[in-house]
Amino acid sequence: MDIHITPLDFGKAAVTVLGLSKSFGESRVLQNINFHVDEDEIVVLLGASGSGKTTILRIISGLDLPDTGKIILHNRDVTNLPARERGTGVIFQSYALFPKMNVEQNIAYGLRIRRTKRKEIKETVNRLLELVHLNDHRKKYPSQLSGGQQQRVAIARALAYNPEVLLFDEPFGALDAQIRATLRREIRSLLKEIKVPSIFITHDQEEALELGDRVAVLNSGRLEQIGTPFEVYNNPETEYVATFLGAANILNGKIEGGKFVSSNVSIDIDTDANARDGDLAKLVFRPEDLFLRKPENLTQKYQKLADGIIQEVSFIGAFERVIVKMDLPDAPTFVVTRPKTETVAFPLIAGQKVAAGVVRFRILRDPASVANAATKKGRNAAA
Amino acid sequence: MAANLSSMRHVRGFDVVKPLSITVMIAVMLPLILLPLASIFIFGTNKGLASFWSALSAPEAIFALKLSMVTSFWATVFNVIFGLFAAYVLSKYSFWGRNAVIVTISLPTAIPTAVAGFALLLLWGPYGTLGRLLDPQGIHLMFTAWAIILANIFVTFPLAFGVIKPVFDTMSLSLEEASATMGASRWQTFWHVTLPSLRGAIVSGALLTFARAVGEFGSTILVSGNLASRTQTAPLYIFAKFNEGQVEAANAIAIVLALFSFVIFSILFFARDWLEAD
C-alpha cells in the first residue's frame, strides 16, 4: 500500500491561519489566532476598532508580518513570501483604484504585470466588465464613478488574476446606509456565483450576520468565537460575543443541582456533563427571548425570572423596546423587544407591574471554573 | 483655473468702489511692472526690426543664448531626476536627521545667488577645498560651462523638489499596497502607479527650474568668468553689452528672455488644469 505523506495538508481549506500573534511595541495586537476559510466560503472577521481584524487581513495579504504563526493558502505556506508573490486580491476600504488608469486599465493591471497575452487580457477584461455590470463605464476614470461602481471595479480588478482569496477591508465603510444594504446583498450573490473564498472585515454586526457563511468575533486581538451567524448569535460562547452581536441581557449566578440559580431565581438548564455544582455562571438571553406578562398570566411555557416594573416603553419601528426594572438584588434592568402582535394584545405603560419569563437562553460558565475543569479532566486522562 | 467671481449682494445700486479699486491697482502696477516690461519692447524695436534682428544674430549673442539654454537644460534634467529621487526617499523613509535634510535641500531658495556663486568658488575654485586637489589633475571646473551648470543646479535645486514632494506626501499608500498585492514589483509600481500621478508635478517642476536657470545671473557671473563666446550666458551678455554702451544689443537679448519667461509662465498658468487632471 502506498502511503503519501504531504508535509502540509490542510484539506480543502483555501486559507489557513495558524497561531498568528503580533505585537506593536508593548501592545499585543493579535494573540494566537487560528481559523480557516473553505473553498467557496465567506468568513467575516467582526470586531470593534483595535480588535486586530485589519492586522489579520494585512498579514494574510503579506502587507504586514506576524511575530509568530503561519499563513497557508491552498496548501502553500506563504508566511515568508512578499505580498506580490501571494496572489491575494485585496479590496481596500477606499478601493485604491489607480487614478490615472480607466476602468479597463485598472482591471487589466494584474494581468499586464503578469505579461499575459494581449488577446487574453482583452477577453478577461470583457468577461469581468460583464460580470460586474460596468460595460458602459469601461473608459471612465475612477473619479468619474460612484462609490458602488468603484467597488465593483476593485473587485473585478482583483478577480482578473484568479486570486487565491479575496480580502475585503471594511468594504462598505465609505458608503451611506441605504447603498450599503443593497451592495452587500449584491456582493454576496456575486461571490456565491463565482465561488471565490473571501474574508471580510467589519465592525457592523448586522453586516457580518448577513454576509458571512461563518462569522469570527474578535476582541482585543483574541478570537472569541467562530461559527455560522446562527451559532454566534444564538449560542454565544462568551459574554463579549453575546453583547457585541446585538443586545443581550445578563444575569450573574451559579450552577446548583442542574439549575441556574441567582438569589430567588431558579432556571432549569440542560444537563451539561462538565457543569458542577458551585460553578459561577451567567444567564444570557436576547431581548426578543424575554417575555412580559401580567404576573398572574405567566404560563408554564416560560421559565419565570422575576417580577418587574416597566421603566420605559419606546416605539422603534417594527418593534417596541421596553426597559424593565427587575425585582431582584441590585435591581438590574433588562431590555425586551416585542413584535407588533404582542404590543397590540398586551399594551404596556411605564410603571406597570409585570412578570418576566424566558424561553431561550444560554448559560455561560465562568472562564476560571471552565479552565479548572479542563485541567482536572486532563489530569484524569493522564492518570 | 476659473476664478469664481462672487457677486457683491450686500451692495445695492452702482458700486463706486469697483472701478475705483481697479484703477488704483493698475496705477500702482503700471510704473512698477507693466511699464518696465513695455519699455524693453519699445526700445528694442524703435530702430526697426532690421536692427533688432542684426543685434540678435550677432555671433556672441547667439552663443550666449545657446549657452544659457544648454546649461539650463542639463541643470533641469539633473534637478528633476534627483529632486524626484530625493522627494521619494524623504517622504517614504523616516530616518534620523530627515527633517534636517529637508530644510537643507530647501535652503538655496533663501540664499542670495551671489553667495551661492561665491560658495561654489570656495569649493571648486583653483584654491578651493576640492578644487585644490583637482587642479593638479588638470581638472578645472570653474570658469567653464560646467561651473554654470553647477551654479544653476545649486540655485534651482529646491524648485522641482518642492513641487514633487507634496504630491508624494499626499499620495495614498494603499495605491502602492494595492499594486503590490496584485503582483507588481517595486519598480513596476513606481513606473505604472506612482509616476503617472507625478506627471503634472514633474512638468511644472521642470518648467520652473528651466525658467529660473535661464535667468540666473548672480551666481553665474561669479563662477563663469563672463568670457564672451566662451562662458557668457544670456543675462551676462545683457549686462556686458549694457556696460559697453551697446544698449540695442543688450535690449535684443532682453526681449528674447522676457518673451521666453512669458511663454513658460503662460504654459504653467493655462496648462495647470491639464497637468493636475486625474
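Let me begin with pLDDT, which is the predictor's confidence in each residue, on a scale from 0 to 100. What I am showing you is a predicted model, in which local features need a pLDDT of at least 70 and side-chain atom pairs count only at pLDDT 80 or more, while totals for chains, interfaces and linings use all residues. Residues are numbered from 1 along each chain as its sequence is written, and chains are lettered from A and ligands numbered from 1 in the order in which they are written.

For chain B the mean pLDDT is 88, with 95% of its residues reaching 70 or more. Among the elements of chain B, helix 3 (residues 59-92) has the highest mean pLDDT, 94, whereas helix 13 (residues 272-276) has the lowest, 68; helices here are DSSP runs of H or I with at least four residues, strands are runs of E with at least two, and both are numbered from the N terminus. Where pLDDT is low, the predicted coordinates should not be read in detail. For the complex, the predictor gives an ipTM of 0.80 and a pTM of 0.80.

Now to the two chains: 16 residues of chain B are in contact with 19 residues of chain A, where contact means that the C-beta atoms of two residues, placed from the backbone, lie within 7 Å. On the side of chain B that touches chain A, helix 8 (173-181) and helix 9 (186-214) of chain B each supply at least two residues, and helix 8 of chain B gives the most, with six residues. That side of chain B divides into seven nonpolar, seven polar and two charged residues, counting Ala, Val, Leu, Ile, Met, Phe, Trp, Tyr, Cys and Pro as nonpolar, Asp, Glu, Lys and Arg as charged, and the others, Gly among them, as polar.

Within chain B there are domain 1 (14-46) and domain 2 (49-276), with bounds that come from an automatic or database domain assignment. Their C-alpha centres lie 31 Å apart, and six residues of domain 1 of chain B are in contact with seven residues of domain 2 of chain B.

Finally, which residues of helix 5 of chain B meet helix 7 of chain B? They are B:T113, B:A116, B:G117 and B:L120, and they meet B:A147, B:L150, B:A151, B:F154 and B:V155 in helix 7 of chain B. By class, this contact has seven nonpolar, two polar and no charged residues.
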